[in-house]
Protein chains: 4
Amino acid sequence: MVVVMEERATEAQIEHVVARLVEMGMDVHRSTGITRTVLGAVGQGHADKGLIELLDGVHEVVRISEPYKLASRTFKPEATVITVGDIRIGGDEVIVMAGPCSAETEQQVRTTAAAVRRAGAKIFRGGAFKPRSSPYSFQGLGEAGLVLLRDAARAENMALVSEVMDVSQIELIDRYCDIFQVGARNMQNFTLLRELGHARKPVLLKRGISATIEEWLLSAEYVLSGGNTGVILCERGIRTFETATRNTFDVSAIPVVQKLSHLPVVADPSHGAGRRDMVTPMARAAVAAGADGLIIEVHCDPDRALSDGAQSMFPAQFDRLMAELRIIAPAIGRSICLETVARRGWGQ
Amino acid sequence: MVVVMEERATEAQIEHVVARLVEMGMDVHRSTGITRTVLGAVGQGHADKGLIELLDGVHEVVRISEPYKLASRTFKPEATVITVGDIRIGGDEVIVMAGPCSAETEQQVRTTAAAVRRAGAKIFRGGAFKPRSSPYSFQGLGEAGLVLLRDAARAENMALVSEVMDVSQIELIDRYCDIFQVGARNMQNFTLLRELGHARKPVLLKRGISATIEEWLLSAEYVLSGGNTGVILCERGIRTFETATRNTFDVSAIPVVQKLSHLPVVADPSHGAGRRDMVTPMARAAVAAGADGLIIEVHCDPDRALSDGAQSMFPAQFDRLMAELRIIAPAIGRSICLETVARRGWGQ
Amino acid sequence: MVVVMEERATEAQIEHVVARLVEMGMDVHRSTGITRTVLGAVGQGHADKGLIELLDGVHEVVRISEPYKLASRTFKPEATVITVGDIRIGGDEVIVMAGPCSAETEQQVRTTAAAVRRAGAKIFRGGAFKPRSSPYSFQGLGEAGLVLLRDAARAENMALVSEVMDVSQIELIDRYCDIFQVGARNMQNFTLLRELGHARKPVLLKRGISATIEEWLLSAEYVLSGGNTGVILCERGIRTFETATRNTFDVSAIPVVQKLSHLPVVADPSHGAGRRDMVTPMARAAVAAGADGLIIEVHCDPDRALSDGAQSMFPAQFDRLMAELRIIAPAIGRSICLETVARRGWGQ
Amino acid sequence: MVVVMEERATEAQIEHVVARLVEMGMDVHRSTGITRTVLGAVGQGHADKGLIELLDGVHEVVRISEPYKLASRTFKPEATVITVGDIRIGGDEVIVMAGPCSAETEQQVRTTAAAVRRAGAKIFRGGAFKPRSSPYSFQGLGEAGLVLLRDAARAENMALVSEVMDVSQIELIDRYCDIFQVGARNMQNFTLLRELGHARKPVLLKRGISATIEEWLLSAEYVLSGGNTGVILCERGIRTFETATRNTFDVSAIPVVQKLSHLPVVADPSHGAGRRDMVTPMARAAVAAGADGLIIEVHCDPDRALSDGAQSMFPAQFDRLMAELRIIAPAIGRSICLETVARRGWGQ
């Protein structure tokens, strides 16, 4: 922590600040210039930035280390690659996850899984527990939905990612899925994150709708500090003043996160855009910006979807998108599922 | 729902939209003007706004009812007064809740409770489970903290409000507290809200840091629709571009919510401001704007608080604030704890 | 400027940063700790923060002085009181400015002026040149409007404030008005601000809709650095994600600005709220938060106003508001126009 | 305009609303459903949305036409292609504009122009009048800068775009440049926009830092309604809560604007990102999202630039970016300057 004193700060004020820092367990290095005194505080203690800012004579206080450690590039300079079976997230290949918002019927789940698999998706996505703003909206099929999703993923030889909304659902999701998804609204459900720190499967951690990148990495830290090193970050749009789109898809977060952290970062253009016709350009933009993967809502009949129909793609749109992405990815030295993968047999 | 067709919409497009609405269970009323056709859709069905917007020829779709019902003034025109013992929240008196961010020691809890009681606070606040952005910050004393808080509240004859972070904590909090507090980060923890709908004590529901007023009322709806009619809304600042304050305290939300909903709304100027010297003007502004109550962090020794020290008031500052509020409240026909209340004996 | 180096920064990187700072005209003080090196740079030169941040081995760069000088409390600790005739803005009295959005007719201007004067307003407001988002909206009466406004102000013995939109209008506005108003959209029209720095009348500088407080004070600096010391700051609502109100009225900006700057700050609850029924609570909140004044839209017949009708108060509403404010102001040791002021004879 | 009445609205309230709409010059179509009455109002009159919203019994008011006309796809369905010499902006080719933030010296301007021309840029950019937040920052060379820029553009056979900050500069900029640039801070300088409506050269209109897409198109309407059909829109980042980047580059604005308007839209990743290392991924993302062009800051020696050095690219970075864009553009059926263009001889 660096404490910049005011120009008019008195010696007594400076000494009081030093004393408080020492009391908080810090070693203090004082540096006096022509107009100002600057104090550098380091050590094992915990110096409360807010409290120091309120002391008389203090002009500004600056933290000099990120509050997250395990998630940081300083801690681990090389990029983390997370493996799920033979899928490598964070490597050269851009991994595409696709599927319906919610599992609805066996037919819907099967048809959609086959369609996205054919187009090149390697991980199947689908929800059984749905966080909905209104208590009157469709809330998902629960375990019955997980059975449908797992069966379809197995049939298509795909891995499966599905959302966990509460600590009480962890065991159930774990039984059926390969990756836990934590939704944007739960990004700061610390009880849930702490528990997932003890899980042995990766966690796809969506960015909260108004979470700063620092808060997002701190939430990742909750999982990492529990011992689970498999955190995949997922940008899905932030809330801004603009109402022409449901959220503002923050494409710049992708390279920023890659600079600050070693964790892979994927993009969710479906929620970022909120409408089907905007998903394609946003998916292309995310890959061009360097995303390690995409997670996309596709539905065999989106006009009749029970949730998120407006932002779910038709299978044919998804095919076209995959073709476009195969042109874009090489521009930055990456690839997108070019050959058919061999059977892997997850979830058995 | 009102569907405004584009000027160039064809007859076939209009008929397709009508057919889709009917399929969704709506009755459709068509009204054709010189340049445009407007469709009014009402009924018991659920018309998906996003899907209709994507149909060819549709210019704009407007929902004509709020998505919340029980929380709305349309449903219940008269203001709701929530009683906790003989305290009435939402009546003529502006109710002040005060206390430390976290319970730390018996001495700290007792001293603070006595100070805020003397100044006129009727409800004691304090946390035992703390949601912290960083896994490395102080996380609260747990049940031991609840014991301290309850004892102090009993000694001072105050009601007690404390935060519940997870479904698994409901039973414990219920044993010690009179009001459940749901924090901003949990405003859309739907599993938690649903469970609190079955509780028999009021819920103080903080507004999420980037929640619209509509989303906030929908979260209240989760609790109300479970049968618990005691929801107290709490404005605590929203996230904006401005960084000079930690959050932007949205004072205008107070009269807006009072217009849209019958539920009482209180203000949390401590989190809204983020620093002690800003709490006083924000508390005065909230009461002047018509808030039904305040919840304020006060600590007997804020400079040594384990959490939120920078935004916790000194007891003497709190005294002065209460004196100022006693002048302001009558300007809008309200009062602030003028006489000493008789013993009530909660939590026994 | 304080430059915090990364933990792994090499000696060569540190020396390169020092060399660059010296090249930019700074004196550099180096302080080496156990894990990090911190460089303090002071001097007459201009160190480009962005460029230093990009240098290898640099962790963070912190500016240690505000970029504004003349507007700062550091430069001038005592509050500035701006006098317009015998009106003192920034003193103990909360000054109320009121009047119609635009001058429309002689009858409308005269009736409104008489009404607001009777209720206690001391400065008349009204627009002759209107910045409108759409080229198809009413754009004001121009000079004819200024004549009407000046005549009404003279008849009621009030000072007059009116908006200047462009350098070319300065001379004209100067001929009729006592205070130049710079609108939110022009807060960074630097050409205009620079010219107003040479004017001999005060400038009411509205905060831009998404201007940080720092940017706002920098815009004040443009006027001050030209030699015009009469800058009155005006908070009028910022743009956030919330759409329930047109803007979010940032009440907390009032005490923040008063802490950072010596300039008086007034509030415009009409634009902050955007609707008549929200103006009263926001005006009360602003005074309770410590505003030095208010500027409020009042119209003798707001339902037929040519602009801003929805946010213009009826005269009777304004009367009631003034009565409420007379109760609130003493809570913070201030007053609101209690006695009738003697004739002053401006603009003659 | 569609007026949705409240469920409990009385017949008298409905009739009053109808009467007010008729008085405002609208034809009203009334449609009564089981629970609500909906009024459709069309016509030549001007119905004030805000005023109608305040009437008793009104639940919601919805505008059914965009406030802009000439900028809208409804008015002109086919995309507008703007020609500057033989350069076509809005056609199949993605047009790249590049150059320094400010003209500083002949050598700097010449070297940079040659470098960007070689890499494939067709339009040279550079500022002579700089809008700076602080009055103490470098403000540009003025006409001397324009001379340098024009000479370099002529030498490299490029078109020239430069910023106009005020009506008084129009004539001068017109003498030297091919395209007028209107900066983000001037997006609602209506006096300036109105004058540019009479110019005979295209206007590159940057989006204001917190302008909605609707406001941006309304500002375009100011220029278009004056008779100048050459408006090029430019996305350059918006202000959000996130501080990890200077602005949040709103890539989704590109397809949204292309849907709402026929005008070409280009992207400014330099200001959108604010730091050099983020410009490349954002430029790729913009092209992948469908931008009609890019405007990029490049400097022959960015570490010594007098303004915006941190976000200016090195020539070698720009070369690499152009190579990547040549791979990406074909994914969406577009190209980027593949062959050398013949001499054209502008500005002679």
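Q: What makes residues of chain A and chain D count as being in contact?
A: In this predicted model, two residues are in contact if their C-beta atoms, placed from the backbone, lie within 7 Å, and by that test 33 residues of chain A are in contact with 33 residues of chain D. On the side of chain A that touches chain D, the elements that give two or more residues are α8 (253–260), α10 (276–289) and α11 (315–328) of chain A, and it is α10(A) that gives the most, with seven residues.

Q: How do you know how the side of chain A that touches chain D divides into nonpolar, polar and charged residues?
A: Each residue is placed in a class by its type, with Gly counted among the polar ones, and the side of chain A that touches chain D then divides into 21 nonpolar, eight polar and four charged residues.

Q: Which elements of chain B give two or more residues to the side that touches chain C?
A: The contact between these chains takes 33 residues from chain B and 33 residues from chain C. The elements that reach two or more residues on the side of chain B are α8 (253–260), α10 (276–289) and α11 (315–328) of chain B, with α10(B) giving the most, seven residues. By class, this side of chain B has 21 nonpolar, eight polar and four charged residues.

Q: Why are chains B and C described as related by a two-fold rotation axis?
A: Chain B can be laid on chain C with an RMSD of 0.0 Å by a turn of 180 degrees, with a shift of 0.0 Å along the axis, and the two copies are therefore related as by a two-fold rotation axis. Of the residues of chain B, Ala285(B) comes closest to that axis, its C-alpha lying at 2.0 Å.

Q: How do you know that chains B and C meet through the same surface?
A: The interface residues of chain B are, to 100%, also interface residues in chain C, so the copies meet through the same surface.

Q: What makes the eight strands of chain C a barrel, and in which order do they close?
A: The strands close in the order β7-β8-β9-β10-β11-β12-β13-β14 of chain C, with parallel pairing, and the twist averages 25 degrees from one strand to the next. Helix α4 (residues 143–156) of chain C packs on the sheet, where it touches β8 (123–125) and β9 of chain C, and its direction makes about 160 degrees with that of β9(C).

Q: Why do β9 and β10 of chain C count as paired strands?
A: Pairing requires at least two bridges, and strand β9 (residues 159–163) and strand β10 (residues 179–182) of chain C are joined in the parallel sense over three bridges, so the two strands count as paired. Within this pair, Val161(C) stands opposite Ile179(C) in β10(C).

Conventions:
Residues are numbered from 1 along each chain as its sequence is written. Chains are lettered from A and ligands numbered from 1 in the order in which they are written. This is a predicted model: local features need pLDDT of at least 70, side-chain atom pairs count only at pLDDT 80 or more; totals for chains, interfaces and linings use all residues. Helices (H or I, at least four residues) and strands (E, at least two) are DSSP runs, numbered from the N terminus. Axes are lines fitted to C-alpha atoms, for helices over the stretch in contact, and angles run from 0 to 180 degrees between N-to-C directions. Copies are superposed by least squares on the C-alpha atoms of residues with pLDDT of at least 70 in both.
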